[in-house]
Amino acid sequence: MNDAETPGLESRLITTGVERLALLGRHAEALMQGYANDQVPLEGLSHTALRKLLSARIVWRPDEQGGLKLTPKVRELIAEMVSDEARRHVNADVAEALELIRSLIQSYRDSSSRGDYWQQEQQLLRLRQAVDDMNGRFADAIDSLWQRLNSDFGFVSQLNDKVRENDRAQKQVVRLLDGLALIDFDELIELVGSDGTLRKVLISQLQQQLSQHYTSLREVQHRLIELMARFRRMQARSRLVSGMAAFLREHPGFTPGNYARRSEVPALFNHAAPLTAAGAVALDRAQDMPTLSALLENVPTPLRAAQSVTAARPAEHVEDMLIAARQQALKDDVETFYLNVVDRAEQASISALDYLNQSELQWPPEIWLFQVIAEHQGLPHSEQRAFHLHQQEERASAYNDVKLIRDVSLGLAV
């Protein structure tokens, strides 16, 4: 195909597109009736209009006995334009888009090697459209998720339907993340080579757009998890209320008892600490004076004489002194362990727990290991390089990546 034939093809393409769009506009009311209902009404359509709609693949007839229906592409187009999230199906087929991009890159480079600059510009235009289409699919899918979060989740009457909508949205997020993972920038860099125009379209701009998609999907996942937790709480409360309502229907004469007057309160209600009633001496009651006098006479006298405030001395914190002494003893034992490693002058490391057991020290293993590590970290850098400290670590469990220190080996550096 030469250069003169290609503009003619483009002109025919534009003319056909204008005719199809005008056809949609002329029969918009009948098409919307078919979108809202199951079939397109034939009352307002002439034989010529019906033939044009069928040839343009706007409507179709599944079988001879069935009525006239919208084609799936037209139905998706209307759902996209009216933001009908219930019928909107976003398909981010990344594998097909990447195959098209690879083919267009190869065609672009072939045109460049032949010196066909007009064909090269056309291939570049199609490549930009393919990248924008792939990026637009992700943007539409994420926008569809946000629309469902703000509409379907809020206006669905049944709580179980909300939970199912949440699960369906989370699966769509996983599919979108899998689609984004198919885009390999190392492969794209190798394909575009040193062409600056292609690198701008397929590397810098696309990478920035995908970064925004990842951020949006992260926000959607956070919102979905938050909503799921809220739905579960609401579900637990609704089950409690519905269970109590069913119990009351079966026992219409049920009345809750006065738990405050029971000697044994159920554990469900016995959560609060008991209240201690406040009391004070009523000096204005003359009839209580003999009782008060007897109580005062029986008050025991202090065994020690009262001291003046000036003779009092600051209290000694005995517990703090004991803790400081115990910490100093632990530090001395750890220093002895380090000196033992130096005295041996061997390259073989010594296990801290084996030394603890052999020396019959009474320190807990965790405290001992912590002090051994802290002593090594407290040494100057020149002295730290003289020792080799190896921590024996293992995972907390098969589902927890937290590393637990089981033992520490200390030896002289080589």
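This is a predicted model: local features need pLDDT of at least 70, side-chain atom pairs count only at pLDDT 80 or more; totals for chains, interfaces and linings use all residues.
Figure 1. Together with Met-32, Met-81 and Val-82, Leu-77 forms a nonpolar patch on the surface. The accessible area of these residues together is about 380 Å².

**Figure 2. The chain as a whole.** The chain contains 15 helices and five strands. Of its 414 residues, 26% are buried. The accessible surface amounts to about 29600 Å², and carbon and sulfur atoms account for 53% of this surface. Among contacts between residues at least 6 apart in sequence, 60% join residues at least 24 apart.

Figure 3. Six aromatic pairs are found in the structure. In one of them, the ring centres of Tyr-338 and Phe-387 lie 5.3 Å apart with the planes at 75 degrees, so this pair is edge-to-face. Tyr-338 belongs to helix H12 (residues 318–344) and Phe-387 to strand E4 (residues 387–397), so the pair ties together parts 49 residues apart in sequence. Both Tyr-338 and Phe-387 are buried. The rings of Tyr-355 and Trp-368 form a stacked pair, because their planes stand at 15 degrees, with the centres 6.2 Å apart. Tyr-355 sits in helix H13 (residues 352–358) and Trp-368 in helix H14 (residues 365–378), 13 residues apart. Tyr-355 is buried at a relative accessible area of 10%, and Trp-368 is buried at 0%. Phe-337, Tyr-338, Tyr-355, Trp-368 and Phe-387 make up one aromatic cluster.

**Figure 4. The three-stranded sheet.** Three strands form an open sheet in the order E3-E5-E4, and their pairing is antiparallel. Strands E3 (350–351) and E4 are at the edges with a single partner strand each, so one side of each has no neighbour in the sheet. E4 and strand E5 (residues 400–412) run antiparallel and are joined by ten bridges. Glu-393 has Ile-405 in E5 as its bridge partner.

**Figure 5. Leu-283 in a loop.** Leu-283 is found in the loop between helix H10 (196–250) and helix H11 (289–297). Its relative accessible area is 66%, so Leu-283 counts as exposed. Leaving aside residues up to four places away in sequence, Leu-283 touches Met-289 and Leu-292.

Figure 6. Arg-230 and Glu-226 form a salt bridge through their side chains, at 3.7 Å from N to O. Both residues lie in helix H10, four residues apart, which is about one turn of the helix. Arg-230 is partly exposed at 33% relative accessibility, and Glu-226 is partly exposed at 36%.

**Figure 7. Salt bridges of Lys-331.** Lys-331 forms a salt bridge with Glu-335, and their closest N and O atoms are 3.9 Å apart. Lys-331 and Glu-335 are four residues apart in helix H12, about one turn of the helix. Glu-335 is partly exposed at 33% relative accessibility, as is Lys-331, with a relative accessible area of 31%. The side chain of Lys-331 also meets that of Glu-375 in a salt bridge (3.2 Å, N to O). Glu-375 lies in helix H14 and Lys-331 in helix H12, so this pair ties together parts 44 residues apart in sequence. Glu-375 is buried, with a relative accessible area of 12%.

Figure 8. The structure has eight salt bridges.

Technical notes. Residues are numbered from 1 along each chain as its sequence is written. Side-chain values use heavy atoms; hydrogens and water are left out. Patches are made of residues with over 30% relative accessible area and no salt bridge: like charges are joined within 9 Å, nonpolar side chains (Val, Leu, Ile, Met, Phe, Trp, Tyr) within 5 Å. Accessible areas come from the Shrake-Rupley method with a 1.4 Å probe; for residues, only the protein chains shown count as cover. A salt bridge is a side-chain nitrogen of Lys or Arg within 4 Å of a carboxyl oxygen of Asp or Glu. Rings of Phe, Tyr and Trp (its six-membered ring) pair if their centres lie within 6.5 Å; planes under 30 degrees apart count as stacked, over 60 as edge-to-face and the rest as tilted. Helices (H or I, at least four residues) and strands (E, at least two) are DSSP runs, numbered from the N terminus. Buried means under 20% relative accessible area, exposed over 50%, partly exposed in between (1.4 Å probe, protein chains only). Two strands pair if DSSP finds at least two bridges between them. Contact means heavy atoms within 4.5 Å.
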